[in-house]
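Hi,

Here is the structure I promised to pass on. Have a look at it first, and then read on for my notes.

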Amino acid sequence: TEAIGLYNVGQSCCLNSLLQVFLMNIHFTGILRRIMVPRHAAQMGRNVPYQMLLLLEEMQRGKRKAVFPTAFARCLSAYRVKLFVQHDAAQLFLTLWNVIKMQMGKPELVEELSDLYTICVQEHLACQKCSVETKRNSSMLTLPLPVLDSNSHKLRTLEECLQYFFHPEELTDHNMCFCEQCGRKTPFLQSMKLVHLPKTLTIHLKRFCFEKSAYIHKLSHRLPFPQDLDFSAVLTEDQCQADDNEKAAWQYELFAVVAHSGSTSCGHYCAYIRSLTEHKWYCFNDSEVCQVSWDDVKYTYGHSNLHW
């Protein structure tokens with residue numbers, strides 16, 4: 001009945017933040033509670049969904065302010081998820097989701113999990129010489145939004161990042177593609193159109209940036225995001241490949257923010273999550289959990305050093 005923290009068991013702040021985002025999502029835990037329990041003890045220790053379920057039950061059963069996710073972290077080590085290293089949240093989220101999906105057991109639960117998180121897009125490539133166009137449908141787990149445009153100018157809002165992500169891009173010079181009809185490399189126009197959005201949409205702001213020198217640095221400029229987002233109001237008709245019924249469901253309320261403080265080499269993660277049952281915002285900072293306001297969440301817009 002209360003928000004419970006997770007102790008840090010070896011630079012596990014990133015893992016703890018992502019676990020809280022999964023376990024505070026009642027649509028996800030509704031699927032998790034119906035998994036097939038492994039028969040043997042050795043299988044139980046290596047089964048990520050089962051260990052996640054045990055952790056959820058321990059969090060809900062206990063009266064302590066936090067629990068140790070040690071058994072879950074030990075289980076993940078079999079899948080090359082190490083402790084005592086700084087993880088990237090988007091990469092670890094993808095790793096966790098893939099292992100959970102692989103070990104879910106029941107095909108109907110795998111389908112429900114995919115429906116809950118998977119984004120569908122259609123990629124378009126059009127030759128600028130002969131107008132031949134190819135289309136390909138693909139799925140993604142997150143929308144990886146750049147926070148800079150092609151000229152390294154800062155994008156000012158989340159809506160601007162979305163519009164830029166779906167904006168057509170000209171492939172010229174060394175980026176030209178081979179056109180079978182023309183028989184040579186030609187300029188192409190590449191674009192992406194949105195086909196389907198899931199119930200839980202995950203957006204990844206690409207704040208870790210590679211420079212030409214191969215040095216990675218963090219982009220910490222302010223980038224506001226709204227509490228409510230209507231995709232059909234942000235994207236144009238040309239950027240959507242969906243019918244009106246599909247578009248009517250493209251309205252979202254912000255549920256969670258995974259925030260990073262520090263630099264690329266040394267930092268800390270925490271999660272701000274809005275309870276879907278209480279409709280209150282909480283800050284999950286490892287074992288410390290406290291109720292916060294929307295103003296506190298907005299502070300994560302772009303601060304290299306957050307103080308919780």
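A word on naming before anything else: helices (H or I, at least four residues) and strands (E, at least two) are DSSP runs, numbered from the N terminus. The model is a predicted one, in which local features need pLDDT of at least 70 and side-chain atom pairs count only at pLDDT 80 or more, while totals for chains, interfaces and linings use all residues. Residues are numbered from 1 along each chain as its sequence is written, and side-chain values use heavy atoms, with hydrogens and water left out.

Let me start with a strand. Phe-188 sits in β9, which covers residues 188-196. With a relative accessible area of 7%, Phe-188 is buried (buried means under 20% relative accessible area, exposed over 50%, and partly exposed in between, with a 1.4 Å probe and protein chains only). Asn-175 is 13 residues from Phe-188 in sequence, and their C-alpha atoms are 8.7 Å apart in space.

Next, helix α6. Buried in α6 are Ala-89, Leu-92, Phe-93, Leu-96, Trp-97, Val-99 and Ile-100. These residues cover an arc of only 165 degrees around the axis, which puts them on the same side of α6 (the arc is that of the directions from the helix axis to the C-beta atoms). Gln-91 and Met-102 are exposed, on the face of α6 turned away from its buried side.

The largest one has a volume of about 1300 Å³ and a lining of 48 residues, with Thr-202, Ile-203, Ala-256, Val-257 and Val-258 nearest its centre. Among the elements that give two or more residues to this lining are α1 (13-23), α6 and β16 (267-274), while β15 gives the largest share, five residues. By class, the lining has 27 nonpolar, 13 polar and eight charged residues. Here Ala, Val, Leu, Ile, Met, Phe, Trp, Tyr, Cys and Pro count as nonpolar, Asp, Glu, Lys and Arg as charged, and the others, Gly among them, as polar. As for the method, on a 1 Å grid over the protein atoms alone, a pocket is an open set of points with protein on both sides within 12 Å along at least five of seven lines, and lining residues have an atom within 4 Å of a point. Grid points are joined across faces, edges and corners, and a volume is the space filled by probe spheres set on the points.

On to the rings. Rings of Phe, Tyr and Trp (its six-membered ring) pair if their centres lie within 6.5 Å, and planes under 30 degrees apart count as stacked, over 60 as edge-to-face and the rest as tilted. The count by this rule is 12 aromatic pairs. One of them, Phe-165 with Phe-166, is edge-to-face, at 5.1 Å centre to centre and 85 degrees between the planes; both residues are buried. Tyr-282 and Phe-284 have ring centres 6.3 Å apart and planes at 50 degrees, so this pair is tilted. Phe-22, Phe-28, Phe-93 and Tyr-117 form one aromatic cluster.

Finally, the backbone. Ser-152 is not a glycine, yet has a positive phi of about 65 degrees; Ser-152 lies in the loop between β5 (143-146) and α8 (158-165).

Best wishes

Terms used: 1 Å grid on protein atoms, 1.4 Å probe; cavity = no way out; pocket = protein on both sides within 12 Å on 5 of 7 lines; lining within 4 Å.
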